[in-house]
Amino acid sequence: MKKHALLVFLFFAGLIVSAINPHDYFTWILEVFPGIIGFIVLAITYKQFKFTTLTYVMILLHCWVLFIGGHYTYAMVPAFNWVRDVFHQTRNNYDKVGHFMQGFVPAMITRELFIRLDVIRRKNWIPFLTICVCGTISLLYELLEWFVSVTSGSSGDSFLGTQGDIWDTQSDMLFAIIGASCMVFLFARLQDRVIGKMGD
């Protein structure tokens with residue numbers, strides 16, 4: 001499909017721009033790696049299962065969030081330095097955008113899989129289980145951040161990105177849960193309509 005080809009082009013355009021003189025390449029690789037893995041998985045499974053264009057667009061937006069965070073590191077994204085200074089915040093909070101998307105987009109993916117593959121017969125369980133899946137993904141990512149930081153020493157600090165906040169891990173998971181909840185409760189009807197049109 002032409003729409004999907006355009007999304008692929010925009011993915012690689014964002015990835016290439018992100019790779020031009022990033023803050024440091026080690027952090028860049030760590031931050032964009034989930035997006036690259038996701039692209040590979042979607043490409044391999046494309047013939048077997050095509051998501052709605054809505055879901056693909058949201059995946060692309062999530063990848064762009066990763067690309068920006070990888071280029072600058074999450075603690076140094078310029079626009080959020082401005083937000084920090086204007087609103088007298090103690091840290092650069094761009095990473096919270098990333099973790100919100102880490103809940104929102106997987107929720108869209110998970111919910112679409114649940115519905116279209118008829119994974120759950122009792123549909124009233126879909127919202128709860130979708131949020132549970134996204135919470136688990138967030139937990140696993142936080143464990144990955146911890147593991148990389150422990151094994152790579154100071155070079156992994158930018159990837160961990162706590163900025164001195166002792167509750168950073170917990171707030172990251174909270175924002176992922178908030179993102180997943182927003183998708184499930186605010187965008188479910190839109191997603192249902194888009195899925196319904198696939199059969200037209």
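Predicted model: local features only at pLDDT ≥ 70, side-chain atom pairs only at ≥ 80, totals over all residues.

1. Size first. The radius of gyration is taken over C-alpha atoms, and the globule rule is 2.2 Å times the number of residues to the power 0.38. With 200 residues, that rule puts a compact globule near 16 Å; the chain has 17 Å, which agrees. Along the principal axes, the C-alpha atoms fill a box of roughly 50 × 35 × 35 Å.

2. The mean pLDDT of the chain is 91. A score of at least 70 is reached by 92% of the residues. Which elements mark the two ends of the confidence range? Helix H3 (residues 53-72) has the highest mean pLDDT, 97. Helix H7 (residues 157-160) has the lowest, 54. Read any detail of H7 with that value of 54 in mind.

3. Fold content. The chain has nine helices and zero strands. Along the sequence the pattern reads α-α-α-α-α-α-α-α-α.

4. Packing. How much of the chain is buried? Of the 200 residues, 39% count as buried. Take the contacts in the chain with a separation of 6 or more: 74% of them come from residues 24 or more positions apart.

5. Surface and charge. The accessible surface of the chain is about 11400 Å². Carbon and sulfur atoms hold 72% of that surface. There are 15 positive and 14 negative side chains. The centres of the two sets lie 17 Å apart.

6. His99. This residue sits in helix H5 (residues 94-116). Is His99 buried or exposed? Its relative accessible area is 6%. The cut-off for buried is under 20%, so His99 counts as buried. Leaving out residues up to four places away in sequence, His99 touches Tyr141, Glu142, Glu145, Asp172, Phe175 and Ala176.

7. Ile59. This residue lies in helix H3. Its relative accessibility is 12%, so Ile59 counts as buried. What does Ile59 touch, residues up to four places away in sequence not counted? The partners are Leu42, Val105 and Ile109. Ile59 and Gln102 are 43 residues apart in sequence, and their C-alpha atoms are 9.9 Å apart in space.

8. Leu61. Helix H3 also holds Leu61. At 33% relative accessibility, Leu61 counts as partly exposed, whereas Ile59 in that helix is buried. Leu140 is 79 residues from Leu61 along the chain. The C-alpha atoms of Leu61 and Leu140 are separated by 21 Å.

9. Thr73. Where does Thr73 lie? It is in the loop between H3 and helix H4 (78-86). Thr73 is not a glycine, yet its phi is positive, about 75°. With a relative accessibility of 2%, Thr73 counts as buried.

10. Asp118. Here is another positive phi in a residue other than glycine: the value for Asp118 is near 50°. Asp118 lies in the loop between H5 and helix H6 (126-152). Is Asp118 buried or partly exposed? The relative accessibility is 46%, so Asp118 counts as partly exposed. Thr73, in contrast, is buried.

11. Pro78. This residue belongs to helix H4. Its relative accessible area is 40%, so Pro78 is partly exposed. How far is Pro78 from Asp118, C-alpha to C-alpha? The separation is 44 Å, with the two residues 40 positions apart along the chain.

12. Ile137. Helix H6 holds Ile137. With a relative accessible area of 33%, Ile137 is partly exposed. Ile137 and Trp82 are 55 residues apart along the chain. Their C-alpha atoms are separated by 30 Å.

Notes. Residues numbered from 1 in each chain as written. Heavy atoms only, no water. Helix = DSSP H or I, 4+ residues; strand = E, 2+ residues; numbered from the N terminus. Buried < 20%, exposed > 50% of the residue type's maximum accessible area, 1.4 Å probe, protein only. Contact = heavy atoms within 4.5 Å. Areas by Shrake-Rupley, 256 points an atom, 1.4 Å probe, with all protein chains shown as cover. Lys, Arg positive; Asp, Glu negative; His and termini not counted. Charge placed at Lys NZ, Arg CZ, Asp CG, Glu CD. pLDDT = per-residue confidence, 0-100.
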